[in-house]
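Subject: Handing over a structure, with notes

Dear colleague,

I am passing on a structure to you and would be glad if you read the notes below with it open beside you.

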Amino acid sequence: MKQPVILSVGGGKGGIGKSTLAANIATMLAKKTGSAGLVDADFGGANLHLFVGAKRPRIGLQDFILGTQTNLASCQVATKIPGMWLISGASDVLAATTPDSLTKQKLIASIQNLIADYILVDLGAGTGSHVADFYGISPYAIVVTDGQTVSLENAYCYLKNGIVCGLQALFIHQPAAVAIISKFGAPLSTGEFATMNDCIVALRRTDAAAADSARSWLLKRRPFVVVNMARHQDDINRTKRFIETVATYLGISAQYIGYLPWSHEVRESGNDGVPLVSGRKASAVMECYSVIVNNLIALTR
């Protein structure tokens with residue numbers, strides 16, 4: 001069986017509609033490809049089940065983290081959407097909201113073995129290690145922003161921390177390489193490198209093979225940027241300039257795949273707990289979701 005396409009869904013800033021977007025994209029992917037899965041990896045604030053019209057399942061991520069379920073697939077529950085399953089998050093069990101590094105790595109490996117055409121991993125807000133570790137789960141990611149300056153800055157930090165954590169994991173048995181990569185992740189006031197390219201150049205002086213591996217890893221990163229709740233063309237224009245900045249300073253090629261306008265119907269669908277795209281009513285929002293999902297399929301298949 002073919003490997004699933006795994007897409008982490010993040011962006012750093014809270015309140016920009018990551019869970020709503022993840023639920024709707026997964027719903028449309030299930031319709032178009034046959035199967036899709038949702039994993040709620042928002043430790044401490046899991047609520048993805050509400051966006052697919054489900055009560056909190058009795059079984060979920062907390063059972064795998066705490067060891068009462070050894071197979072992550074057994075934590076799946078069906079949704080009302082044909083072909084779409086959900087693994088709900090861990091937010092009401094304190095011990096499960098702060099998994100240690102070993103448990104996170106086991107979880108990431110298990111997600112990669114789940115069965116579906118597409119799997120969306122909904123991340124929490126922020127740019128800390130929990131979120132950054134899951135960015136590296138797959139070359140693909142959906143980066144959500146509203147096009148505002150604060151949101152774009154958070155998205156930049158999310159991507160930067162994600163690639164630093166990903167490269168540190170790549171060189172986990174090469175402490176000299178990890179030390180150099182870590183310097184790029186340091187605050188700008190103390191960091192030695194302005195760009196990831198500067199970091200790779202420094203790494204090459206120490207270990208040419210490691211530099212080649214790092215460059216190859218970066219070239220495979222495929223962040224897809226979506227502007228959610230867009231109100232003006234300026235929101236999209238700022239986002240496209242942000243993509244240029246990401247290429248210059250982080251050395252990865254992000255790609256804009258569409259926008260979603262600010263809409264009352266999206267807000268109402270969230271309150272109703274039903275993905276907007278599960279209906280058949282034509283609307284501008286439905287058309288925008290269709291463009292985004294068609295772009296995702298084309299770029300990942």
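Which residues of S1 are buried on one side, and which on the other? Val5, Leu7 and Val9 are buried on one side of S1, while Ile6, Ser8 and Gly10 are buried on the other, and in this way both faces of the strand are covered. Buried here means under 20% relative accessible area, exposed means over 50%, and partly exposed is what falls in between, computed with a 1.4 Å probe on protein chains only. Helices (H or I, at least four residues) and strands (E, at least two) are DSSP runs, numbered from the N terminus.

Before going further, please keep in mind that this is a predicted model, in which local features need pLDDT of at least 70 and side-chain atom pairs count only at pLDDT 80 or more, whereas totals for chains, interfaces and linings use all residues. Residues are numbered from 1 along each chain as its sequence is written, and side-chain values use heavy atoms, with hydrogens and water left out.

The sheet

Strand S1 (residues 5-10) belongs to an open sheet of 8 strands, whose order is S3-S4-S2-S5-S1-S6-S7-S8 and whose pairing is mixed. Two strands pair if DSSP finds at least two bridges between them.

S1 runs parallel to strand S5 (residues 118-123) and is joined to it by 5 bridges, with Leu120 in S5 as the bridge partner of Leu7. S1 also pairs with S6 in the parallel sense, over 3 bridges, and there Ser8 stands opposite Ala141. Further along, S7 and S8 pair in the parallel sense over 5 bridges, with Val226 opposite Gly258 in S8.

Two helices

Helix H11 (residues 284-300) has 17 residues, and at 1.5 Å a residue it should span 24 Å, which agrees with the 25 Å between its end C-alpha atoms. The expected span is 1.5 Å times one less than the number of residues. The buried residues of H11 are Val285, Met286, Cys288, Tyr289, Ile292, Val293, Leu296 and Thr300. Seen down the axis of H11, these buried residues fall within an arc of 160 degrees, so they line one face of the helix; the arc is that of the directions from the helix axis to the C-beta atoms. On the other side of H11, Glu287 and Ala298 are exposed.

Helix H8 (residues 208-219) reaches 17 Å from its first C-alpha to its last, close to the 16 Å expected for its 12 residues. Its buried residues are Ala210, Ala211, Ala214, Trp217 and Leu218. They cover an arc of only 125 degrees around the axis, which puts them on the same side of H8, whereas Ala209 and Leu219 are exposed on the other side. The buried residues of H8 pack against H5, helix H7 (196-206) and helix H9 (233-250).

Leaving aside its neighbours within four places in sequence, Ala214 is in contact (heavy atoms within 4.5 Å) with Leu167, Leu170, Phe171, Ile200 and Leu203.

Rings and charges

Rings of Phe, Tyr and Trp (its six-membered ring) pair if their centres lie within 6.5 Å, and planes under 30 degrees apart count as stacked, over 60 as edge-to-face and the rest as tilted. By this rule there are 2 aromatic pairs. Tyr135 and Tyr158 form an edge-to-face pair, 5.7 Å centre to centre and with 80 degrees between the planes; this pair links helix H4 (residues 129-135) with helix H5 (residues 149-170). Tyr140 and Phe224 form a stacked pair, 5.8 Å centre to centre and with 15 degrees between the planes, and it links strand S6 (residues 140-145) with strand S7 (residues 222-230), 84 residues apart. Both Tyr140 and Phe224 are buried.

Finally, a charge sits over a ring if NZ of Lys or CZ of Arg is within 6 Å of the ring centre and within 35 degrees of the ring normal. The charged end of Lys106 sits over the ring of Phe64, 5.3 Å from its centre, and Lys160 lies over the face of Phe184, at 4.8 Å from the ring centre.
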